[in-house]
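Take a look at the model below. This report covers its nonpolar cores, its aromatic pairs and one surface patch.

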Amino acid sequence: MAPLTRRLVLKYAGLFVPATRLAQRELPLPAEQEPIYQLPFATPPGPSTWYVEQWYGNTNIAYYLRNTVYREGQGMHFGIDFACPCETEVMCIGDGVVIGADDLSYGAGPHNAIVEHPNGDLSLYGHLHWFPEVRWGQAVKAGDLIGYSGDWLDNWGCAASPHLHLEIRRPNRNFAVNPVHLIKADWHSASLGRFLGFAKDLDNPRRWQTLEDQPETTFGGRILNDYNSLWMR
């Protein structure tokens, strides 16, 4: 296998796939789910606004970085990455109270914000360009401005990997869950029809291969995707 260079990392993140070459693929969601949050953007998805570049869970790039970037998240990508131009407005996905502003114990620097919702969920908005527009203890509503998107690799030039990293964690913050189930969205449109796929374990090839079938992440737990036999797709 070729060494994992920075360019290859960005390639697996989808940053070198022109929108005009993105293939259409259906991304169904289970009918029984009842989403309770909204998307973190005020504009519709598009090549010049925002789109999903990496899903939650057993993604290809998370597999390659399972022992480094995603080690604490059991080798899984524990949020959704939305590609967007630097300084895109990021909105709160639901009503709540800010419990973190630049609290990097949650990760997702260089700047982040964390909102606690009435049901105990936490939403985290990571890789913000500047200090968030909200402050600790502030009450917020769905659609309120949280901050502006940044670039975790190049926050000054904002040209390497500009995106928003969005997580939903459970009350003690040690568990991350799949935002796809909880956010009301047309995920096919939100991804511009692109789908890079998940790492496939040939010993259990059907596990964790769809948007809805992804494991809960326990931070600090054992790596889940340290496969003996792998098929990338």
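## A tryptophan to start with

Does Trp50 count as buried or exposed? Trp50 counts as buried, because its relative accessibility is 1% and the cut-off for buried is under 20%. Keep in mind that this is a predicted model.

## Aromatic pairs

The structure holds 9 aromatic pairs. Phe41 and Trp50 make a stacked one, with 4.9 Å centre to centre and 20° between the planes. Phe41 is buried too.

Trp50 also pairs with Phe82. Their ring centres are 5.7 Å apart and their planes stand at 75°, so this pair is edge-to-face. Trp50 sits in the loop between α1 and β1, and Phe82 in strand β2, so the pair ties together parts that are 32 residues apart in sequence. Phe82 has a relative accessible area of 0%, so Phe82 is buried. Phe41, Trp50, Trp55, Phe82 and Trp187 form one aromatic cluster.

## The nonpolar cores

The largest nonpolar core has 40 residues. Trp55, Phe82, Tyr125, Ile146 and Trp187 touch the most other members. Several elements give two or more residues to this core, including α2, β2 and β5. β10 gives the most, with 3 residues.

Ile146 has contacts beyond its neighbours within four places in sequence; among them are Val90, Met91, Tyr125 and Leu128. A second, separate core has 7 residues, including Tyr63, Tyr64, Ala199 and Tyr227.

Val69, Trp152 and Leu153 make a nonpolar surface patch of about 240 Å². Trp152 lies in the loop between β9 and β10. Its relative accessibility is 35%, so Trp152 counts as partly exposed.

Technical notes: Residues are numbered from 1 along each chain as its sequence is written. This is a predicted model: local features need pLDDT of at least 70, side-chain atom pairs count only at pLDDT 80 or more; totals for chains, interfaces and linings use all residues. Side-chain values use heavy atoms; hydrogens and water are left out. A nonpolar core is a set of buried Ala, Val, Leu, Ile, Met, Phe, Trp, Tyr and Cys residues joined through side-chain atoms within 4.5 Å. Buried means under 20% relative accessible area, exposed over 50%, partly exposed in between (1.4 Å probe, protein chains only). Helices (H or I, at least four residues) and strands (E, at least two) are DSSP runs, numbered from the N terminus. Contact means heavy atoms within 4.5 Å. Patches are made of residues with over 30% relative accessible area and no salt bridge: like charges are joined within 9 Å, nonpolar side chains (Val, Leu, Ile, Met, Phe, Trp, Tyr) within 5 Å. Accessible areas come from the Shrake-Rupley method with a 1.4 Å probe; for residues, only the protein chains shown count as cover. A salt bridge is a side-chain nitrogen of Lys or Arg within 4 Å of a carboxyl oxygen of Asp or Glu. Rings of Phe, Tyr and Trp (its six-membered ring) pair if their centres lie within 6.5 Å; planes under 30 degrees apart count as stacked, over 60 as edge-to-face and the rest as tilted.
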